[in-house]
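Here is a short briefing to read alongside your viewer. It goes through a sheet, the nonpolar cores and a helix in turn.

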Amino acid sequence: MRKNLISLAAAATIAWAPGCLFGAPQASTLAQLLVEESYTPLTLKRAGNQFYVSCKLNGRSASLIVDTGAGQTVISSAMLRSLRLPLTKGEENVYGMMGLAGKNIKAGEIKDFQVGPYQAGVHPVSAWDFSYFGSALRGSSMDGLLGIDFLNRHQAIIDCFRMHLFLKSPSAPSASATLSAGLRAGGCTEIPMKPVSHGGLTVPARINGRSGYLVVDTGAAHTLLSQNAIAGLNMRLASPVSFGKLGAPDVGNHMIIIQMAHFTTMEISNFSVPPQWVAVADLPYSKSGETDNVFFGYLGQDLLACYVGIIDCGALKLFLRFDPVIDAARRRKG
């Protein structure tokens, strides 16, 4: 099995070339290396600014959002009823962006969990009502969330820019050291992630000089900061004429009222994010990051894709890279 670190260094100019920015995905050296390391590659589908993967649950087709912000894999109650899956009262809770959404929700076990061609075998799931999410995904059906429990167990690698997911058997040797060395050689910044009590993943951050942490959330279409956390940081709020106020539901069907704010400096560990507008909402206060730092909010798919995010769910590492061409396209789009 070839393990060529030069291939990942070349990925900085091949896989992330400007010509691929809005065009059809092409074979990348990153994908080739992971396939050689016995990963199963999957191309994700887009719904708005979120991505999902086609699955089969006990033989029934399902679409699941790939969600590193979900502590456990959650399937719609309607889907589980259609599978006649026995459910018992569980001990797990469901969390949304607005905090606790449900306690001790029902749980069951999928005997034949398949993600694309990848055979995952038996996996536990929780039940939840996602009926209100149809319109949020522009009419696409959404049957649940593929959570960090599954992604960590199956050594998932998520390429947020190219919308690729790679899965590997839990019993197979880890390729994280090879991946890390190659991505660093290709100009990526490696950022350690820490799990929080409800199963999400956090990264250290500084915004306008204040230290805190962000939850890495591929299930969030947009980065969303806490209104409380940024108070006093001299962030410029958009006037209603410029952006107005928007509303969006979280997994608990709580309505989030969103405004826009502009930060001057943001560092995610040692990676600098250029000044820009981000969404802000009145999120619950939280100290669940096992740190005394401030809970800033959620690092969503918009910034993860823009800065060529690659998430190693098995080794709990996030890789970010600044590409001037991609950033210029972001600024032109506003």
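Two strands pair if DSSP finds at least two bridges between them. This is a predicted model, in which local features need pLDDT of at least 70 and side-chain atom pairs count only at pLDDT 80 or more, while totals for chains, interfaces and linings use all residues. Residues are numbered from 1 along each chain as its sequence is written, and side-chain values use heavy atoms, leaving out hydrogens and water.

- Strand 26 (residues 310–312) and strand 27 (residues 317–320) run antiparallel and are joined by three bridges.
- Ile311 has Leu318 in strand 27 as its bridge partner.

**Nonpolar cores**

- A nonpolar core is a set of buried Ala, Val, Leu, Ile, Met, Phe, Trp, Tyr and Cys residues joined through side-chain atoms within 4.5 Å, where buried means under 20% relative accessible area (1.4 Å probe, protein chains only).
- The largest core has 65 residues, and Phe113, Leu165 and Leu318 touch the most other members.
- Apart from this core lies another of 13 residues, among them Leu30, Phe166, Leu179 and Leu183.

**Helix 5**

- Helix 5 (residues 176–185; helices are DSSP H or I runs of at least four residues) has buried residues including Leu179 and Leu183.
- Just after helix 5, Gly187 adopts a positive phi of about 100°.

Terms used:
Buried means under 20% relative accessible area, exposed over 50%, partly exposed in between (1.4 Å probe, protein chains only). Helices (H or I, at least four residues) and strands (E, at least two) are DSSP runs, numbered from the N terminus.
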